[in-house]
Amino acid sequence: MKTKIRILGLLSAAVLLLVCFAFRPLEEKKIIVIDAGHGGYDVGKDIYGFEEKQITETVAKQIKELNNDANIEIVLIRDGDISMELKERVSIINNLKPNLVISIHVNSNSNTMANGVQAYVPSNETFKDKSKEMAEIIVDKLAATGNLAKRNTTEAPFYLLKNANCPIMTLEIGFLTNEKDRNYITSAKGQNEIAAKILEAVK
């Protein structure tokens, strides 16, 4: 009799555990949108044969490829060398309602000494603080590699930043006009490291 009671008790406990697990809310998946700047006929900056559109696309794809976290979904705005209007990008972003958007670009300057990684965020009060918080984390991680200098995170009136209804940043991952930056951001090692650090920052 005691054995039957013990078995029934164990079965009840097992059923209770199953019920608890069955009704436990699943962790909400975080959606991170990566916008590879430019594309198609819009090459962006083109210096010494290095095109911005190709660099941004490679880094974006690498972020998605490196992600192995089931709770993070990386969505690429463009997955290929295609032309996309800013309005189309914003429409995709606002339909997805992501946790964060990172629009990747590369910089240039007539002063070849200008270098480093920097970010721009919206002035929209709803998303400014979260955008700036995430932008500063990413900039810090990229600068910590020792390959890119740290530049300021500032507000900017860019179309994507003004019209996206979520935290967003424009991330300039280095200067094509600076030799040290150029060598880093056009190398496979540099692009992989940049992608890895961005992914690390958003987890």
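**Helices, loops and a pocket**

Student: How far apart are the end C-alpha atoms of helix α7, and what span should its 15 residues have?

Tutor: The model is predicted. Helix α7 covers residues 188-202, and at 1.5 Å a residue its 15 residues should span 21 Å. The model agrees with this, because the end C-alpha atoms of α7 are 22 Å apart.

Student: Which residues of α7 are buried?

Tutor: Buried means under 20% relative accessible area. In α7 the buried residues are G190, Q191, I194, A195, I198, L199, A201 and V202. They lie on the same side of α7, because they cover an arc of only 165° around the axis.

Student: Which exposed residues does the face of α7 turned away from its buried side carry?

Tutor: Exposed means over 50% relative accessible area. On the face of α7 turned away from its buried side, the exposed residues are A188 and K189.

Student: What span should helix α2 have, and what is the distance between its end C-alpha atoms?

Tutor: Helix α2 runs over residues 52-66, and its buried residues include I55, V59 and I63. At 1.5 Å a residue, the 15 residues of α2 should span 21 Å. The model agrees with that, since the end C-alpha atoms of α2 are 21 Å apart.

Student: Which residues of α3 are buried, and which are exposed on the other side?

Tutor: The buried residues of α3 are R89, V90 and I93. They cover an arc of only 95° around the axis, so they sit on the same side of α3. What covers these buried residues includes β1, β5 and α5. On the other side of α3, the exposed residues are K87 and N95.

Student: What is the phi of K97, and is K97 buried or exposed?

Tutor: K97 follows α3 and lies in the loop between α3 (86-96) and β5 (100-107). Most residues other than glycine have a negative phi. K97 is not a glycine, yet its phi is positive, at about 50°. With 65% relative accessibility, K97 counts as exposed.

Student: Where is H38, and is H38 buried or exposed?

Tutor: H38 is in the loop between β1 (30-36) and β2 (46-47). Although not a glycine, H38 has a positive phi of about 70°. At 17% relative accessibility, which is under the 20% cut-off, H38 counts as buried.

Student: Which residues lie nearest the centre of the largest pocket?

Tutor: The largest pocket holds about 310 Å³ of space. Elements giving two or more residues to its lining are α3, β5, α5 (159-163) and β8 (168-175). The lining comes to 20 residues, and those nearest the centre are H38, D42, L86, H105 and L160.

Student: Which residues is R78 in contact with, leaving aside its neighbours within four places in sequence?

Tutor: R78 is found in the loop between β4 (72-76) and α3. Its relative accessible area is 1%, so R78 is buried. The C-alpha atoms of R78 and K61, 17 residues apart along the chain, are separated by 9.4 Å. Leaving aside neighbours within four places in sequence, the contacts of R78 are A36, G37, H38, G39, K53, T56, E57, M84 and R89.

Student: How far is the C-alpha atom of V117 from that of K150?

Tutor: V117 is in strand β6 (residues 117-121), and at 0% relative accessibility V117 counts as buried. Beyond its neighbours within four places in sequence, V117 has contacts that include V139, L142, L148, K150 and L171. V117 and K150 are 33 residues apart along the chain, and the distance between their C-alpha atoms is 5.5 Å.

Student: What share of the contacts between residues at least 6 apart in sequence joins residues at least 24 apart?

Tutor: The protein chain has seven helices and eight strands, and 43% of its 203 residues count as buried. Among contacts between residues at least 6 apart in sequence, the share joining residues at least 24 apart is 78%.

Methods: Residues are numbered from 1 along each chain as its sequence is written. This is a predicted model: local features need pLDDT of at least 70, side-chain atom pairs count only at pLDDT 80 or more; totals for chains, interfaces and linings use all residues. Side-chain values use heavy atoms; hydrogens and water are left out. Helices (H or I, at least four residues) and strands (E, at least two) are DSSP runs, numbered from the N terminus. The expected span of a helix is 1.5 Å times one less than its number of residues. Buried means under 20% relative accessible area, exposed over 50%, partly exposed in between (1.4 Å probe, protein chains only). The arc is that of the directions from the helix axis to the C-beta atoms. Contact means heavy atoms within 4.5 Å. On a 1 Å grid over the protein atoms alone, a cavity is a set of points where a 1.4 Å probe fits but cannot get out, and a pocket is an open set with protein on both sides within 12 Å along at least five of seven lines; lining residues have an atom within 4 Å of a point. Grid points are joined across faces, edges and corners, and a volume is the space filled by probe spheres set on the points.
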